[in-house]
Amino acid sequence: MTDEPNASGAGGGDGQASVTARLTVPEMDCPSCAQKVDKSLQRLDGVVETAPQPTTGTATVTYDPDGTSEADVVAAIEAAGYEVLGAGGDDEPSSGVDIAPPSEVWTSPRAKKTRAGAAFVTLGLLFEFLLTAQNPVVASVLGSPLHVADVLFLGAVVVSGVPVVRSGYYSARNRSLDIDLLMGTAIIAATAIGYFVEAATLAVLFGVAELLEDYAMDRARDSLRELMELSPDDATVRRDGEEVTVAAEDVAVGETVVVRPGEKIPLDGVVREGESAVDQSPITGESVPVDRTVGDEVYAGAIAEEGYLEVEVTSTVGDSTLSRIIEMVQGAQAKKTETEQFVDRFAGHYTPLVVVLAILTAAIPPLLITDPVPVTVAGFTTEFTGGWQTWFIRGLTLLVIACPCAFVISTPVSVVSGITSAAKNGVLIKGGNYLEAMGQVDAIAVDKTGTLTRGELAVTDVVPLGDVDEETLLRRAAGLEQRSEHPIGTAVLDRATAAGVTDLPEPTAFESLTGKGIRGDIDGDTYHAGKPALFEELGFDLTRGRRADGGVPTSASTQPRETFPEETLAALEREGKTVVLVGTETELLGAIAIADEVRPASKRAVERLHDLGIERVVMLTGDNEGTARAIAEQVGVDEHRAELLPDEKVTAVEALQAEYDEVAMVGDGINDAPALATAEVGIAMGAAGTDTALETADIALMGDDIGKLPYLYALSNTANGVIRQNIWASLAVKALLAVGVPLGLVSVALAVVVGDMGMSLGVTGNAMRLARVTPERFE
């Protein structure tokens with residue numbers, strides 16, 4: 001990625017804006033690596049801000065171009081011992097990307113050296129323990145004989161240990177007490193005192209551990225690479241009447257791209273020609289393709305499964321919804337959670353403490369213990385001996401245990417796995433702190449309109465009277481409503497179209513009766529459509545189903561279970577529906593009930609939240625009490641609060657916070673913004689096409705699917721459990737090993753295999769389990 005001027009204007013003496021360089025550092029794959037790079041950069045004059053990210057293998061550096069240059073920044077990173085890919089000079093901006101490319105872990109130079117070292121160790125062990133007769137002295141150093149096996153072990157140290165010692169040297173230069181410095185020190189010390197087997201074993205096993213950790217981190221990075229690969233690099237554009245294939249980044253807003261069946265849509269846009277079923281799951285997480293036709297929005301990365309589309313581009317590559325999702329996921333990984341900050345602070349005390357214990361272990365016991373001292377632990381008897389070489393090796397073993405790698409990566413690797421897994425399922429989590437917080441909520445406040453309901457009016461019931469059939473009722477109602485601009489009119493017209501009612505009569509003398517309904521002349525008769533109150537004004541006594549002057553307006557209802565209008569009207573209104581009566585001044589044709597439809601998944605989602613442990617689900621709405629009560633009963637929330645203004649929703653959230661520890665608020669991200677900001681976690685629904693929701697919410701459900709809410713809670717809850725498991729397992733294993741070292745129960749090899757390599761792989765593998773948490777489908 002190229003250098004970017006910083007709009008903040010932080011600069012040098014001439015007021016020149018600071019510059020941000022994004023550099024790819026693939027070998028920076030652990031927290032201690034990032035710390036080493038950060039310390040090296042901080043010593044460089046002119047550096048304003050640094051953000052090394054081991055989870056992506058990238059480093060973002062903001063610097064003052066009057067004080068330093070990108071070449072100096074690259075040199076500082078390389079001085080920490082890490083290669084920078086795609087770096088340019090002062091006049092050539094960096095070409096780093098947002099994530100390190102896949103690494104060839106098992107064919108890398110480090111892997112080849114480790115294999116060679118392993119071969120030397122194997123041969124050395126063969127001569128040392130099996131072919132003792134063929135293990136003669138071949139040289140002497142400072143009076144100490146060197147056998148064939150010793151030479152082979154030294155070969156392993158040179159081949160596999162030099163990279164470790166080299167990294168340890170860079171750590172020492174940057175004053176970073178990390179695993180490289182500890183292991184490098186241990187290898188040098190063991191070699192210096194003639195413990196060639198231990199030195200060679202440590203060098204090879206640590207090399208294997210590093211390769212396995214590199215592989216595990218590369219797998220963790222794969223989830224983000226999958227997101228980045230969703231959008232195609234090329235686009236077919238219509239220019240001057242011809243189709244040409246160009247790079248997607250060269251397509252301008254307003255141009256038309258052509259998408260054929262099976263192809264990915266390269267950029268966000270609006271369909272101008274054609275229709276197709278489109279798989280939008282990479283963006284919204286919708287499991288079923290949606291039909292897209294002229295006038296519909298489509299997103300970069302979605303797949304046109306069938307049908308031909310011509311799409312007018314509405315955003316460039318960098319501004320597409322998918323690009324913003326990827327950028328926010330990367331930003332989320334850069335934010336440390338409270339747990340992660342605690343772990344970092346703990347590790348800052350843990351490592352120096354264990355290093356001091358290692359030094360004391362190597363130095364003190366040989367001075368105090370002259371004769372073997374028997375010790376019994378859990379029925380196992382061993383003894384303390386006074387040999388200084390034995391205690392020196394035990395001190396080296398404690399140095400290995402002093403590395404907090406598994407402990408430190410336990411949280412960030414879990415956060416990366418959780419956030420990227422959520423993004424692939426249509427849930428954008430803006431930071432690991434929100435991932436943790438969502439798993440701790442006890443109560444959830446949910447907006448009604450557009451969240452539990454679709455946010456669009458629709459006809460729910462068509463109730464004709466007497467000999468009138470549904471088609472006649474809909475034709476008369478739709479004929480009147482086609483001249484209306486009210487959303488109720490749109491709902492009636494949509495229902496008529498869906499029912500196949502055509503040839504609508506054109507009304508004359510049309511008039512809108514404000515707050516009551518509409519009227520117009522059709523076929524010489526004046527028809528009315530509106531509230532029951534309108535027909536009461538016309539002389540109908542709806543409580544008895546008769547005209548006020550004694551006339552009977554209709555015959556019995558065609559509904560077999562109840563009569564109309566008294567019982568039917570009351571039942572519809574109790575359900576929170578708006579009732580529109582249709583008729584003339586002397587005859588009622590029937591009633592049409594309209595409501596904001598409850599989403600099919602809402603009831604099951606609320607039930608599932610309760611099953612998962614949410615104590616209370618509260619619906620907040622500005623709608624009237626009757627409608628609110630009806631929707632609340634239908635979806636099964638614990639409580640509803642109606643007729644709330646935006647500031648009153650804030651008060652309602654604060655009341656929940658006073659009663660429960662953590663509260664989440666779910667809304668549309670715009671008119672619910674104050675309440676979303678007040679809650680510990682603000683969740684926006686249907687954010688795929690809403691810039692405001694993407695920016696303001698802590699978590700965004702990209703599709704209009706309330707069913708993703710239980711998935712979000714389950715994922716967050718599981719992530720919190722995984723983080724706790726990783727932290728406590730790492731600490732427990734380190735503690736057990738540390739106790740076993742003085743007793744002679746833990747060798748250097750065991751400390752590396754179990755305490756370093758084993759636990760690092762264990763916490764990474766455990767974190768990868770989060771990818772198996774998937775959304776349920778609520779039909």
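Okay, hi everyone. Before we start, one definition: a residue is called buried when its relative accessible area is under 20%, and exposed when that figure is over 50%. Keep that in mind, and remember too that what we're looking at is a predicted model.

Lys649 sits in helix α21, which covers residues 646-659. Is Lys649 buried or exposed? Its relative accessibility is 9%, so Lys649 counts as buried. And who's around it? Leaving out residues up to four places away in sequence, Lys649 touches Asp447, Leu620, Thr621, Gly622, Leu644, Asp672 and Ala675.

Now zoom out. The protein has 779 residues, and buried ones make up 51% of them. The fold has 25 helices and 32 strands. If you take contacts between residues at least 6 apart in sequence, 67% of those join residues at least 24 apart.

Okay, back inside. The largest nonpolar core has 49 residues, and the ones touching the most other members are Met183, Leu202, Leu396 and Ile401. Which helix gives this core its largest share? That's helix α6, residues 196-228, with eight residues. There's also a second, separate core of 44 residues, and Ala422, Ile429, Ile706 and Leu715 are among them.

Last stop, Met183. Again skipping residues up to four places away in sequence, Met183 touches Val164, Leu202, Phe206, Val400 and Val752. Have a look for those on the structure. Thanks, that's me done!

Methods: Residues are numbered from 1 along each chain as its sequence is written. This is a predicted model: local features need pLDDT of at least 70, side-chain atom pairs count only at pLDDT 80 or more; totals for chains, interfaces and linings use all residues. Side-chain values use heavy atoms; hydrogens and water are left out. A nonpolar core is a set of buried Ala, Val, Leu, Ile, Met, Phe, Trp, Tyr and Cys residues joined through side-chain atoms within 4.5 Å. Buried means under 20% relative accessible area, exposed over 50%, partly exposed in between (1.4 Å probe, protein chains only). Helices (H or I, at least four residues) and strands (E, at least two) are DSSP runs, numbered from the N terminus. Contact means heavy atoms within 4.5 Å.
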